[in-house]
Structure formats: C-alpha cells, structure tokens
Amino acid sequence: MNLGFYQEYDKRKHKDLSKYKMDFLKSIIVNDKLYKFIAFDNNEYLNRIKFQSLEKGQLWFSYYKFLNDKTEFDMKYNVKKVSYRTGIPSDNIMFFIATMKEIYDVCSLTYSCENYMWKAYSNNSRGICLVFNVIDYDMLYPVEYVDKNKVDYTEMLIEAYNSSPKELFDNGMLMAELPYVIKNPDNESMKSYLEKEVRILSDPFGEGILNSGNVYPKVKEDLDYKGRDISYDKCGLALDKIIIGKNCDNTLIDSIMNVGDENNIIFQ
C-alpha cells in the first residue's frame, strides 16, 4: 500500500498498533479537541431526530450505505488472481469481502473548526457544532486521503489467505477497517482541507447488538438497519461546548439553550 499512516499501520501487523495510532492522533489533534457539525434544514422529522440525539448526549453512527458518498467504500481487487494464487473459490472470496464491509458503523468528526466547514457541513451556519474533549484516543481513526486505486487489496487478500487462521482473521479485520478510513481526495487543491477528518468505528455485531452477532453480506439491509445512536462517553468523548451557527433558527436556539448549560453554549 502506498498510504503513509496506514502503510505503516499495515506493516506492523497488529503489533503496537494502538500506541502507534494514538501517538499519531495526538500529533494532529490540538488540545484534545474534536468537532462535530450538525446541519438543520427544512426536514422537521430529521431535525427532531438530531435534536433528540443532542438531548440524550449521543452521536449517530451510520451504516455506510446511508452516507453521502457510497463509492468511497469500494474495494478494488482481482478476484481471479486471488483465487488462482490461494486456491480459494472466487465466490468465497467475494463473500468474505462483502461480509467484512458490513461490520462497522461510522461517525465522522474533524480536528479543526474552520469557516468553510460551516457552509459544507452545517447548512451554511444554520446548524451547530459540538466541541468535544477526547477522553479515549484509542476509539479514533485518522482519515487518510489517497488514490484508492493504488491500495493493493489483491496482494493483501493473497497474503491473508496464505497465512494462519489467526492472521487471516487479523488481516481480515484490517481490510474491514480500511474502506472506512481511507478516501480519494476530490482534488489536490482541497487535500489540505479534507485531511482534517477522524472517524469512530462501531461494531454492532461484536457487541452482540445486531442479529445476535451474526454477520453476512447485506445483513443490515435485510434488517432495515440504518445505524444507531451511541452515548458520548462510549465514544471516548466528553462534550465541552456547543457552538450555535450564526444563521440558526431562533426556535432551535431556544431549544438548545434549554438543553445545554449556558456556560458551554457560544455563538459563531
């Protein structure tokens, strides 16, 4: 892989990964602060759901197929080559990949709060920005912007299938993570902006919350599962402030003032 952070992450083969990842995150996150923009618009139903999450102190984790860009989770690999080199039938390989992609739900945050983000992520300052203190860095994954065509899933699969069962599981979980934490840059001029994202991944199967822990391709679609809310503390975060956008509706402002502590509510 030609990835930088995740290139080194892969090389370590699950050895000291947690410390390596946390050290990297602490080098980019300033003063332990992360930011979550929430947009409010004319969809009262969705606005109510978002506000209820705010009242309960929860963040929404989405099934990737309900995110804006579903193609970012594509994994390109040569299934015939993998099958030839490993002796594993092509159908089994495709089943394995499709299963791995189902495992995680995702929540995205930024480690910088900048003016352009209010327009892009908060409906032109009609929403809010939650400011969090990071309590547990191990919950976070940096998002790396690379040409995903250069990510060699073919060789990763060959190496995984030609290894021990434990290594197959470990490498499989790494391949499950990668589609969530690497993205194609829209263009080079935007790259510096786009590299300010981190994500939290949640595994509802590993926690036994979804389908009694049984995962298979399209299981979330079969169960009409779109995602779930998770409390801030279980995300390794503590709410520090709520920033209200300058174009936020007065009714919404009043509701937020009733939910939050006036000492931690500020205006853009």
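## A walk through the model

Start by selecting Tyr153, Thr154, Met156, Leu157, Ile158, Ala160 and Tyr161: these are the buried residues of helix α7. Keep in mind that you're looking at a predicted model. Now show the whole of α7, residues 153-161. With 7 of its 9 residues buried, the helix is largely enclosed by the rest of the structure.

**Next stop: two helices side by side**

Select helix α3 (residues 44-56) together with helix α11 (residues 250-259). Their axes come within 10 Å and cross at roughly 20°. An angle under 35 degrees counts as roughly parallel, so that is the label for α3 and α11. The crossing of the pair is right-handed.

Which residues make the contact between α3 and α11? On the α3 side, pick Phe51, Leu54 and Glu55; on the α11 side, pick Leu252, Ser255, Ile256 and Val259. Colour them by type and you'll get 5 nonpolar, 1 polar and 1 charged.

Stay on α3 for a moment and click serine 53, which lies in this helix. Is serine 53 buried or exposed? Its relative accessibility is 8%, so serine 53 counts as buried. Leaving aside residues up to four places away in sequence, serine 53 touches Gln58, Asp229 and Tyr232.

**Over to the strands**

Bring up strand β4 (residues 128-134) and strand β10 (residues 237-244). They run antiparallel, joined by 7 bridges. For one example, select cysteine 129 and look across to its bridge partner in β10, isoleucine 243.

In β11, the partner of isoleucine 243 is isoleucine 266.

**Last stop: a loop glutamate**

Go to glutamate 72, in the loop between β2 (58-63) and α4 (79-86). Though this residue sits in a loop, glutamate 72 counts as buried, at 9% relative accessibility. To see what's around it, show Lys148, Pro179, Ile182, Lys183 and Arg199: glutamate 72 touches these, not counting residues up to four places away in sequence.

To finish, draw a C-alpha to C-alpha distance from glutamate 72 to glutamate 114. The two are 42 residues apart in sequence and 24 Å apart in space.

Technical notes
Residues numbered from 1 in each chain as written. Predicted model: local features only at pLDDT ≥ 70, side-chain atom pairs only at ≥ 80, totals over all residues. Heavy atoms only, no water. Axes fitted to C-alpha atoms, helices over the stretch in contact; angles between N-to-C directions. Helix = DSSP H or I, 4+ residues; strand = E, 2+ residues; numbered from the N terminus. Parallel < 35°, antiparallel > 145°, perpendicular 65-115°, else oblique. Left-handed = near helix turned anticlockwise from the far one by under 90°. Contact = heavy atoms within 4.5 Å. Nonpolar A, V, L, I, M, F, W, Y, C, P; charged D, E, K, R; others polar. Buried < 20%, exposed > 50% of the residue type's maximum accessible area, 1.4 Å probe, protein only. Pairing = 2+ DSSP bridges.
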